[in-house]
Amino acid sequence: MSATLPYPWQQATWSSLFSRFRQGQLPHGLLFNGTAGVGKRHMANCLAEFVLCSSPQNDAACGSCKSCELIKAGTHPDLQSVSPEEQGKAIKIDQVRKLNDFLGQTSQQGGYKVAILAPAEAMNINAANALLKNLEEPSARTLIILISDAPNRLMATIRSRCQAVAFAVPALEEASRWLSPLCGDHKPEALLNMCSGAPLAARDLLDDGRLEARLSFADDLNQIAAGQMFSLQAAARWMDAEPLMLIEALLTWLQSASRQEVQGDIGQLMESELQLLQLLQTVGVKLRFRLYDKLLQSKAQILSGANPNQQLLLEEIAMDWQAMMASRKPMRPAI
Ligand SMILES: [Zn+2]
């Protein structure tokens with residue numbers, strides 16, 4: 001069995017983390033933050049494995065000691081991962097209390113105890129307050145790794161007690177090299193551009209027809225703009241898709257349109273996206289921002305577990321889009 005190794009674009013972050021750990025300079029609380037799909041969770045796994053391994057190599061866990069085997073089996077008693085019980089819901093106080101009990105006990109394998117919380121911003125206020133004590137006065141040999149795509153949604157007191165580790169989007173060339181063997185007939189750069197350059201998000205697009213769903217969403221938006229599809233008809237077609245995926249796609253296109261305005265060429269894109277960005281260039285910045293803000297609110301609502309009515313949500317997106325596209329045409333003179 002081999003150890004979990006960081007992705008190629010994570011080498012610098014990895015070196016800094018494991019060398020600080022070796023020198024006893026790693027703080028008890030770390031906050032891994034950055035765009036979704038750049039490998040924060042993966043790095044947390046690498047670090048947990050390294051910290052718990054009983055005979056680590058120079059820069060990685062050994063992959064074969066008892067501790068490494070327990071980790072691979074998902075049964076290491078000194079490693080706890082906490083996530084919402086249901087996707088999109090909150091991490092509750094009871095879950096954090098259990099984690100506190102775990103952190104308060106002596107480690108079973110005689111080494112460190114490691115806790116991973118993801119997504120950390122899913123902790124509700126009570127849960128976050130319950131975790132604070134452990135971040136303020138950690139027991140010896142504990143490591144708490146918080147993972148967050150949206151660290152600004154974390155309580156300031158939590159943020160200030162952790163050392164932030166920022167995960168940047170890798171250079172396009174490096175990410176393309178990694179993605180290339182996985183993406184068949186598709187162009188890696190075009191896939192990466194669909195995901196703001198996040199390699200794991202681009203890889204996930206290739207799973208379960210996500211790419212097709214996203215491109216067909218782009219086609220529908222193009223058709224609405226061309227007057228070939230009604231907004232409500234489009235919304236009905238989107239009912240089978242994950243609303244969050246649609247919102248994120250549209251957010252990315254709006255971002256890309258702004259980027260295109262500043263940079264000019266933004267690299268390879270899929271044909272339907274290219275068309276969409278051309279359309280977006282013809283809409284005023286103010287209107288684009290208004291839609292962007294509204295989508296961000298809907299995204300936050302979904303992530304907070306509020307469970308909005310899906311049909312209404314999709315109809316609103318479709319109608320907002322239609323209205324925005326209609327605004328491109330000159331006003332007809334009043335009769
Ligand atoms: Zn090991």
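1. Serine 196. In this predicted model, serine 196 is partly exposed, with a relative accessible area of 34%. The limits for that class are 20% and 50%, and 34% lies in between, which is why the residue counts neither as buried nor as exposed. Serine 196 is placed in the loop that runs between α8 (188-194) and α9 (199-205). Its backbone deserves attention as well: phi is near 50°, a positive value in a residue other than glycine.

2. Arginine 141. A positive phi also occurs at arginine 141, where the angle is about 50° although the residue is not a glycine. Arginine 141 belongs to the loop between α5 and β4. With a relative accessibility of 43%, arginine 141 counts as partly exposed.

3. Alanine 118 and proline 119 are joined by a cis peptide bond, for which omega is about -15°. Proline 119 is part of the loop between β3 (113-117) and α5 (125-136).

4. The chain as a whole. The protein chain contains 15 helices and five strands. Along the principal axes, its C-alpha atoms fill a box of roughly 80 × 45 × 35 Å. The chain has 335 residues, of which 45% count as buried. When contacts between residues at least 6 apart in sequence are considered, 73% of them join residues at least 24 apart.

5. The zinc site. Which atoms coordinate the zinc ion? The donors are the SG atoms of Cys53, Cys62, Cys65 and Cys68, at 2.3 to 2.4 Å. The angles among the four donor atoms are 103 to 116°, and the site is tetrahedral. The assignment follows because four donors count as tetrahedral if all angles lie between 85 and 135 degrees. In sequence, the spacing of the donor residues is C-x8-C-x2-C-x2-C.

6. Serine 148. Strand β4 (residues 142-148) contains serine 148. This residue has a relative accessible area of 0% and is therefore buried, as the class requires a value under 20%. Once its neighbours within four places in sequence are left aside, serine 148 is in contact with Leu31, Phe32, Asn33, Gly34, Lys40, Ala120, Glu121 and Leu154.

7. Alanine 164. Strand β5 (residues 163-166) holds alanine 164. Residues up to four places away in sequence not being counted, alanine 164 touches Leu31 and Asn33. The C-alpha atoms of alanine 164 and asparagine 33 are separated by 7.0 Å, although the two residues are 131 residues apart along the chain. Leu31 and Asn33 are also among the contacts of serine 148.

8. Tyrosine 292. Helix α14 includes tyrosine 292. Its relative accessible area is 18%, and the residue is therefore buried, the limit being under 20%. Apart from residues up to four places away in sequence, tyrosine 292 touches Leu251, Leu254 and Gln255. Its C-alpha atom is separated by 20 Å from that of isoleucine 266, a residue 26 places away along the chain.

9. The second largest pocket. How much space lies in the second largest pocket? The volume is about 160 Å³. The pocket is lined by 13 residues, and those closest to its centre are Lys294, Ser298, Gln301, Leu313 and Glu316. Two elements, α14 (285-303) and α15 (310-326), each give two or more residues to the lining. Helix α14 provides the largest share, six residues. By type, the lining divides into six nonpolar, four polar and three charged residues.

Conventions
Residues are numbered from 1 along each chain as its sequence is written. This is a predicted model: local features need pLDDT of at least 70, side-chain atom pairs count only at pLDDT 80 or more; totals for chains, interfaces and linings use all residues. Side-chain values use heavy atoms; hydrogens and water are left out. On a 1 Å grid over the protein atoms alone, a cavity is a set of points where a 1.4 Å probe fits but cannot get out, and a pocket is an open set with protein on both sides within 12 Å along at least five of seven lines; lining residues have an atom within 4 Å of a point. Grid points are joined across faces, edges and corners, and a volume is the space filled by probe spheres set on the points. Helices (H or I, at least four residues) and strands (E, at least two) are DSSP runs, numbered from the N terminus. Ala, Val, Leu, Ile, Met, Phe, Trp, Tyr, Cys and Pro count as nonpolar, Asp, Glu, Lys and Arg as charged, and the others, Gly among them, as polar. Buried means under 20% relative accessible area, exposed over 50%, partly exposed in between (1.4 Å probe, protein chains only). Contact means heavy atoms within 4.5 Å. Donors are N, O and S atoms within 2.8 Å of the metal (3.2 Å for Na, K and Ca); water is not among the atoms, so sites may look incomplete. Four donors count as tetrahedral if all angles lie between 85 and 135 degrees; four count as square planar and six as octahedral if opposite donors are over 155 degrees apart and all others between 65 and 115; anything else is irregular.
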